[in-house]
Amino acid sequence: MTPPKLQYSAAKTSSISKRSSPSSSPIKKFQRSIKKILPSQKLYSQALATKTSKPSSSSSSSSPDKLEIVDYNVELDYQLCRNEDIMVAIDTILNNRWSESTSLHNHYHTRDEIIAAQGNMEELIMNLKGLGMGPKVDILKYRTHQLPKGLITTSLLYSIYENRGNTFVDRILETKIRQGEIRKFVITNASPVISRSNTSGQRNNRVTYGFENVEVVVKAEMYLNQIRNSQLELAPELAASNDIVDPKRGGNRGSSLKKFEEYVIKNPTALFINIGDEGDGGFNNEELSHLVSLGFVTLTSNHLNEIESHQYSISYPNCGTYLKLVNAGRVWLVKLLSKPKYKEMLEEQIVKKWEGTTLQGDSKMNNFRKPFYGYDLNWVLADSHGSGIVEVFNTPVGRGWRLTGKV
């Protein structure tokens, strides 16, 4: 006999139905009501309501609006609009290079304090507030023993004479070089190529070096003084060589440097030195080795082609240290302006980023630490502007800076 099929149905008093209905317990009712007025729940509800009330198609509030451009007729603090001597422009850059002693602003010292110091860099640095003794000592070591004196990029001059154009600067520079007042050096593959291309939808601020030369200039007298100071350091060596060898044949570093000084004076426009034929003022291998070791000559490099001509460029000792400072400024600025949606920012905001600010709004003075050691932001902006990396414009609330797309 087949057993009857069993049928299952939920009991009217099952535990499932009881759990699905709100509890009638007075304690449970109180807990539910108190949650509605707790601060955390109330704030969460408000935030949720605000978030859901925004249309999904609108842009995020974190994306700033595009800056309103009034015009491009910007007068920068360091610009020379008249036909001043380019030597004045070089002095303007060198005399205002450091933030604590510049006359272009008074973020760290007043004008009276700077005048009272009478150019005493150590006094101005030691009187900086908000900076420990360690960073102050590092600044003095860097500026005194590592950074070469008097070098500037031609990009800085382009920015100073923006209203006159780059051709004006090139023409004046060429005249001063031929007259022996300015010395120019071309450093190959020294300018950073900064890639901002998107990779898989993500911004990639990758920095590489090469394929772009940098022109730097210095007052010729300052360069000759550098050569002569090096000769004084090698004086015992030079004196010994005069007794045993012909100085013209380059017996040691001292005699090679003396010959190099004569060559530089006779050839004010030369970027390279002759090799081999001493009758035409050429240098032999031993002399080249001496000059390279002293930093006055460097082997020209080219990453695109193998070195075939073995050209030796006239250089400035420790020039690489200065270029690292310039390149660090360019890279910092490009990375900063790459973050906003429109690749632009007000100058006031750039200053705050450059120095760093605490929660209380005080300056962290990050620009006085490695790798800038107090280098003034004006020259980071000027060099980048002169090289075409950024452009500047006026807005209703101050100057704005934007990446040009060159990098």
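In this predicted model, Ile187 has Val214 of strand β7 as its bridge partner. The pairing to which these residues belong joins β2 to β7, residues 214-219, in the antiparallel sense and over six bridges. Both strands are part of an open sheet of three strands, which has the order β1-β7-β2 and antiparallel pairing. Its edge strands are β1, residues 152-153, and β2, residues 182-187, each of which pairs on one side only. Helix α10, made of residues 220-233, packs on this sheet and touches both β2 and β7, with a direction that makes about 85° with that of β7. In general, the strands of a sheet pair through backbone hydrogen bonds, and they do so either parallel or antiparallel.

A further set of pairings is found around strand β13, residues 398-403, which is mostly covered, since five of its six residues are buried. Strand β11, residues 344-346, runs antiparallel to β13 and is joined to it by three bridges, and within this pairing Leu346 has Gly400 of β13 as its bridge partner. Strand β12, residues 390-395, also runs antiparallel to β13, in this case with six bridges between them, and here Glu391 stands opposite Arg402.

| Strand pair | Sense | Bridges |
|---|---|---|
| β2 and β7 | antiparallel | six bridges |
| β11 and β13 | antiparallel | three bridges |
| β12 and β13 | antiparallel | six bridges |

Helix α16, which spans residues 377-386, is mostly covered as well, with ten of its ten residues buried. Among the buried residues of α16 are Trp379, Val380 and Leu381, and also Asn378, Asp383 and His385. After α16 comes Gly388, whose phi is positive and near 85°.

How do two of the other helices meet? Two packed helices are described by the angle between their axes and the distance between the axes. For helix α14, residues 319-338, and helix α15, residues 347-355, the packing angle is about 120° and the axes are 12 Å apart. Because of this angle, α14 counts as oblique to α15, and the crossing in which α14 passes α15 is right-handed. On the side of α14 the contact is made by Trp332, Leu333, Leu336 and Leu337, while α15 contributes Ile350, Lys353 and Trp354. Sorted by class, the residues of this contact are six nonpolar, no polar and one charged.

Is Ser313 buried or exposed? Its relative accessible area is 5%, and therefore Ser313 counts as buried. When residues up to four places away in sequence are not counted, Ser313 touches Leu271, Phe272, Phe296, Val297, Thr298 and Thr300.

Turning to the chain as a whole, the model contains 16 helices and 13 strands. The chain has 407 residues, of which 39% count as buried. Of the contacts in the chain with a separation of 6 or more, 66% are accounted for by residues 24 or more positions apart.

How values were computed. Residues numbered from 1 in each chain as written. Predicted model: local features only at pLDDT ≥ 70, side-chain atom pairs only at ≥ 80, totals over all residues. Heavy atoms only, no water. Axes fitted to C-alpha atoms, helices over the stretch in contact; angles between N-to-C directions. Helix = DSSP H or I, 4+ residues; strand = E, 2+ residues; numbered from the N terminus. Parallel < 35°, antiparallel > 145°, perpendicular 65-115°, else oblique. Left-handed = near helix turned anticlockwise from the far one by under 90°. Contact = heavy atoms within 4.5 Å. Nonpolar A, V, L, I, M, F, W, Y, C, P; charged D, E, K, R; others polar. Pairing = 2+ DSSP bridges. Buried < 20%, exposed > 50% of the residue type's maximum accessible area, 1.4 Å probe, protein only.
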